[in-house]
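Please open the structure in your viewer and keep the selection tool at hand. The tour goes from one stop to the next, saying each time what to select and what is there.

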Amino acid sequence: MGTLPPTSVVVDDDRVDDAKVGREEADHDHEQKQLDAGARFVLKSKGSWVHCGYHLTTSIVAPSLLSLPYAFTFLGWAAGILCLVIGALVTFYSYNLISLVLEHYAQLGHRHLRFRDMAHDILGPRWSRYFVGPIQFLVCYGAVVACTLLGGQCIKAVYLLTNPNGTMKLYEFVIIFGCLMLLLAQIPSFHSLRHINLVSVFLCLAYSACTTAACIYIGSSSKGPHKNYSLNGNSQSRVFGVFNANAIIATTFGNGIIPEIQATIAPPVKGKMFKGLCVCYAVVTMTFFSVTISGYWAFGNQSEGLILSNFLDDGKPLVPKWFIFMINLFTILQLSTVGVVYLQPTNEVLERAFADPTSKEFSARNVIPRAVSRSMSVILATIIAAMLPFFGDINAVIGAFGYIPLDFILPVVLYNLTFKPSKRSPIFVLNTTIAVVFSILGVLAAIAAVRQISLDAKTYQLFANV
């Protein structure tokens, strides 16, 4: 028998690829008919890799990056930049791993739309029910509360700029921001946020550029503080400071909803998440490093927990008031989009519990429970934020127990269990090293966060005006 010409082989390969794509789309259509209301209505698979990039960028490039110069006060220049680079590389790597696992199961005809579904099939039902599910809920709902609190604090900062002797309290501004969240929470699905998240990308670029410019201006002028990059405190506080700093960096790079974001992509999903991550990390590189380096350069070990606080010296602005007002406005608007993105896992759970997948999405049977349940969810988050203005300390504990396992440890474990690389292969060794190192870091960060709560507990007061 004669051999087939090379062109025939290519054609056959194309047919195989087309058959895989067709099978994946057919499996997707079949699964869509069997989905519960949460997956059917909230996690619609209609987006492109560009939309995925918007969602990823909004979930990672958030105003929490404005606390990175503060993390450097515990680490210094060399260790700080090293930890920042490692955080970027490891998260980009781990998010790609979890995407590959999701793509693998999608090609097998069983697409996972939720983190807990993936954990159920790979780790077992108990891990899904008692570990991954609760931790993801705490991380995401904690992020909603944190965004609401920070949004209220930014509105208060704007208010005090225009009215230094104003008498309004922090909880009033938190409620105002909560009202904005209440409106945005009614957007029906994750996919529906794509245009809002595109605006969010421009907002994060805007406030990062403005913050960097302000830091350079202050640092270059006589108004700025004396630059001191030495580490503060005694040896014990420095050690715990290093753990705190690494927890801040890990939480800033954290996501926790990679499967839910990938669920918004229309089939076939192969390769699309990688493109979205490249878009996201291009923005990460521009924003994280510019804000961190310029902020720490300008203020040194006097960098505040939120670098915007450094723009005021005893209540006197170091840059024009309108400039601070503009940065805060960009930050407030982006905080609302970040909060709504992290509300999606909660919305999915509520939709699954109260909606009817056999009824139309916008039927009265589904719209009324959706509006009531989402409104109650946002109202509860607003009450917690107003009542606990020290929630940042609590969120540090949630971050240590949540973001580090979900974003640094589980992706490499799930990859090893799914693809079963040889124990002598470089990828298995690398994945195991990441899992071990970040497990230790997570425990140490949790201890440091609990210690910080014990130190700050005497200053805690419900509905405090801080």
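What follows is a walk through a predicted model, stop by stop.

**Aromatic pairs between α4 and α11**

Begin with the aromatic rings, which form 17 aromatic pairs in this model. Select Phe72 and Tyr296, whose rings make an edge-to-face pair with centres 5.6 Å apart and an angle of 70 degrees between the planes. Phe72 belongs to helix α4 (residues 68-107) and Tyr296 to helix α11 (residues 272-299), so that this pair, by the DSSP numbering of helices, links parts of the chain that are 224 residues apart. Are these two residues buried or exposed? Both Phe72 and Tyr296 are buried.

Next, select Phe92 and Tyr281, another edge-to-face pair, with 5.2 Å from centre to centre and 70 degrees between the planes. This pair also joins distant parts of the chain, with Phe92 in helix α4 and Tyr281 in helix α11, 189 residues apart. Colour the two by accessibility: Phe92 counts as partly exposed because its relative accessibility is 25%, whereas Tyr281 counts as buried because its value is 7%, and the cut-off for buried is under 20%.

Select Leu35, His110, Arg111, Arg114 and Asp117, which lie nearest the centre of the second largest pocket, among the 13 residues that line it. The volume of this pocket is about 260 Å³. Show α1 (6-34) and α5 (115-122) as well, as each of them supplies at least two residues of the lining. Which helix gives the most to this lining? It is α5, with three residues. If you colour the lining by residue type, you will find three nonpolar, four polar and six charged residues.

**Helix α9**

Move on to residues 235-253, which make up helix α9, a run of 19 residues that reaches 27 Å from its first C-alpha to its last, close to the 27 Å expected at 1.5 Å a residue. Within α9, pick out the buried residues, among them Phe240, Phe243, Ala247, Ile249 and Phe253.

**Two places in the backbone**

Select Pro267 and Pro268, which are joined by a cis peptide bond with omega about 0 degrees. Pro268 is placed in the loop between α10 (258-262) and α11.

Then go to Lys420, in the loop between α14 (391-419) and α15 (426-456). Its phi is near 45 degrees, a positive value in a residue other than glycine. Lys420 counts as exposed because its relative accessibility is 64%, and the cut-off for exposed is over 50%.

Ile196 is partly exposed because its relative accessible area is 25%, which falls between the limits of 20% for buried and 50% for exposed.

Definitions and conventions:
Residues are numbered from 1 along each chain as its sequence is written. This is a predicted model: local features need pLDDT of at least 70, side-chain atom pairs count only at pLDDT 80 or more; totals for chains, interfaces and linings use all residues. Side-chain values use heavy atoms; hydrogens and water are left out. Rings of Phe, Tyr and Trp (its six-membered ring) pair if their centres lie within 6.5 Å; planes under 30 degrees apart count as stacked, over 60 as edge-to-face and the rest as tilted. Helices (H or I, at least four residues) and strands (E, at least two) are DSSP runs, numbered from the N terminus. Buried means under 20% relative accessible area, exposed over 50%, partly exposed in between (1.4 Å probe, protein chains only). On a 1 Å grid over the protein atoms alone, a cavity is a set of points where a 1.4 Å probe fits but cannot get out, and a pocket is an open set with protein on both sides within 12 Å along at least five of seven lines; lining residues have an atom within 4 Å of a point. Grid points are joined across faces, edges and corners, and a volume is the space filled by probe spheres set on the points. Ala, Val, Leu, Ile, Met, Phe, Trp, Tyr, Cys and Pro count as nonpolar, Asp, Glu, Lys and Arg as charged, and the others, Gly among them, as polar. The expected span of a helix is 1.5 Å times one less than its number of residues.
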